[in-house]
Amino acid sequence: MSIKLNAAETRPGATEVLRRLQEGNRRFVAGEPVHGHDVAAARRHAEEQNPVAAIFTCVDSRVTAEALFDQDFGQLIVVRTAGHVPDRAAIGSLEFAVAKLSVPLVVVLGHGHCGAIELGVQAARDTIGGVATPGGSMSYLVGQLYRSSAQALREDPENPNEAAMRLQVVHTVAELRAAKDLGAAYVVGARYDLESGLVRLVD
Ligand SMILES: [Zn+2]
C-alpha cells in the first residue's frame, strides 16, 4: 500500500465526507453511479492515494463499500472482520488510516442478514442454554460478539439478529470513539440494506 500523499492538498472535513458518501449511496440506489471500477480507473490512482474515509465493515461478500458509496479507487480505506469485530489488527488499521493517511471520517457499517451476527446470536443462545460454542478461532469471534448478542436476546427476543447487528455497530462506534489514536477522526455508525441498497445512519 502506498502512503504517498499530496501534502498541499486541502482535505475535506468529516461532515463534508459524510455528505459525499451519502450522495454516492443515492447515486448507487438510483442506478446512476459515476465511478466505473475498471483498469483505467485503477491506473489513474496507481501513483498515490488520497482516501477521504475509512469504512469498517463485515466480510460479507455482498457488502462492497466502493460500489454502495459509489467511490473511486483511492478514496476509501476498507477494514473488514466478520461481524465488524474490532480486534487489535482492525483498530490498528483504522489508526493507520487516521494517523498516516489523514482520514477524517470512520464509518462502522453493519448490514442486514449478517451471517456472522447470526452465528454470534446462536452461540449466545446456546451458551445461555448450556451448549458449547464453535471451536477454533471462530470461538474468539463469537466471544467478541457475545455482548451484543446476549443484550439483543434480552432486549429484542423477537428480532435478535437485527438488534444484535445494531448493538454491535453502536458498541463498536463507542469503542472506536474511545480509542485515543482515533481522536482526530469522527466515528459514525450506519446500516446497509441488502435489498434496497440504502445506507442509513445508526444512532
Ligand atoms: Zn456480516
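## The zinc site

In this predicted model, His 111 has a relative accessible area of 1% and is therefore buried. The zinc ion takes its protein donors from three residues: Cys 58 through SG, His 111 through NE2 and Cys 114 through SG, at distances of 2.0 to 2.2 Å. Along the sequence, these donor residues follow the spacing C-x52-H-x2-C. Cys 58 belongs to the loop between E1 and H3, whereas His 111 belongs to strand E3, so the pair ties together parts that lie 53 residues apart in sequence.

The UniProt record, an unreviewed entry, carries the annotation "binding site" for Cys 58, Asp 60, His 111 and Cys 114. These residues span 57 residues in sequence, yet no two of their C-alpha atoms are more than 8.8 Å apart, so they gather at one spot.

## Surroundings of the two cysteines

Cys 58 is found in the loop between E1 and H3. Its relative accessibility is 3%, which is under the 20% limit, so Cys 58 counts as buried. Setting aside neighbours within four places in sequence, Cys 58 is in contact with Arg 80, Thr 81, Ala 82, Gly 83, His 84, Leu 109, His 111 and Cys 114.

Cys 114 is located in the loop between E3 and helix H5, which covers residues 115-129. With a relative accessible area of 4%, Cys 114 is buried. When neighbours within four places in sequence are set aside, Cys 114 is in contact with Cys 58 and Gly 83.

## Helix H1

Helix H1 comprises 16 residues, 14-29. The buried residues in H1 are Ala 14, Val 17, Leu 18, Leu 21, Gly 24 and Asn 25. Viewed down the axis of H1, the buried residues fall within an arc of 120°, and they therefore line one face of the helix. On the face turned away from that buried side are the exposed residues Thr 15 and Arg 26.

The cover over the buried residues of H1 includes strands E1 (53-57), E2 (76-80), E3 (105-111), E4 (186-192) and E5 (199-202), together with helix H3 (65-68). Just after H1, Gly 31 adopts a positive phi of about 70°.

## The nonpolar cores

The largest nonpolar core holds 37 residues, of which Ala 54, Ile 77, Leu 94, Val 106, Ile 117 and Leu 176 touch the most other members. At least two residues of this core come from each of E1, E2, helix H4 (88-99), E3, H5, helix H6 (138-155) and helix H7 (160-178). The greatest contribution to this core is that of H7, with 7 residues.

Not counting residues up to four places away in sequence, Ile 77 touches Gln 49, Pro 51, Ala 53, Ala 54, Ile 55, Ala 97, Leu 101 and Val 103.

Terms used. Residues numbered from 1 in each chain as written. Predicted model: local features only at pLDDT ≥ 70, side-chain atom pairs only at ≥ 80, totals over all residues. Heavy atoms only, no water. Helix = DSSP H or I, 4+ residues; strand = E, 2+ residues; numbered from the N terminus. Expected span 1.5 Å × (residues − 1). Buried < 20%, exposed > 50% of the residue type's maximum accessible area, 1.4 Å probe, protein only. Arc of directions from axis to C-beta. Contact = heavy atoms within 4.5 Å. UniProt positions renumbered as here; feature names shortened; annotations may be inferred. Core = buried A, V, L, I, M, F, W, Y, C linked by side-chain atoms within 4.5 Å. Donors = N, O, S within 2.8 Å, 3.2 Å for Na, K, Ca; no water.
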